[in-house]
Amino acid sequence: MRALLAVLLLAPAAARAAPAESCVELKGVGCVYAPSGSGGSLPLLVYLRGHHPRYAAAVPAGEALASARQAFSFYGLGDAADAAGHAVLVTYRSGLAVTEADAARAASAAGVTFTRRVVAAHSGGYVGLGATLAGGLSFERVIMLDDFYSSSPALAQQVQARFPADACMGYYTPHIAAVFEAVFRPNAPGCRVERLGPNDHNAGVNRCLAGYLRGRPCSSPR
């Protein structure tokens, strides 16, 4: 009886989850998804994925779509996009820089116009974040998802220069706390980064991203 109840409770959530195939291929970048019934315009989340557990940073070009869709499904990005009313562009590898041309192609592939842009980087996606910001693509907000691995202050300084304090938020976990406290926090002191529990490196994305897209810390009431 308990097992049956568990299945029944999980079934509605599973039914709502956006299938990986609904994230449409964007050649050389990853995939793009827009919630159904979103109309002609909506905000865009550019999600810079961390290392794929199978490939790490070096994803074969022939498996780019599978890698982007793996992140889309594993991190519940479709659900977060639906909840916050955003489209999402998911990169296929952590070091990829997203360009203005990529954003334009994403809008065409999704059949919408993007009203504004938000960027989120998870784990090793900090490399892609630095490259994307250096390339000049503009964003209204940045979301840092336990991506504080760099021992250089360069990324923190980019974030500090590009985003006001109320436009930067995210989380870090204990395994990366020393680097975060020594490198990121002193160089981007206005960024609202909260500490999550020891096992939340991946789980924090699913739990927190939709709230961050609304400008809400993960620790706030739902």
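**Helix packing and positive phi**

Trainee: What do the buried residues of H6 pack against?
Mentor: They pack against helix H5 (126-134), strand E6 (141-145), strand E7 (168-172) and helix H7 (177-187). Contact here means heavy atoms within 4.5 Å, and buried means under 20% relative accessible area (exposed is over 50%, partly exposed in between; 1.4 Å probe, protein chains only). Helices (H or I, at least four residues) and strands (E, at least two) are DSSP runs, numbered from the N terminus. This is a predicted model, where local features need pLDDT of at least 70, side-chain atom pairs count only at pLDDT 80 or more, and totals for chains, interfaces and linings use all residues. Residues are numbered from 1 along each chain as its sequence is written, and side-chain values use heavy atoms, leaving out hydrogens and water.

Trainee: Which residues of H6 are buried?
Mentor: In H6 (residues 154-162), Leu 155, Ala 156 and Val 159 are buried. They sit on the same side of H6, because they cover an arc of only 100 degrees around the axis; that arc is taken from the directions from the helix axis to the C-beta atoms.

Trainee: And which ones are buried in H2?
Mentor: For helix H2 (residues 64-74), they are Ala 64, Leu 65, Ser 67, Ala 68, Ala 71 and Phe 72. These fall within an arc of 165 degrees seen down the axis, so they line one face of H2. Their packing partners include strand E1 (24-26) and helix H3 (77-84).

Trainee: New topic: what phi does Asp 146 have?
Mentor: A positive one, about 50 degrees, although Asp 146 is not a glycine. Asp 146 lies in the loop between E6 and H6 and is buried, at 0% relative accessibility.
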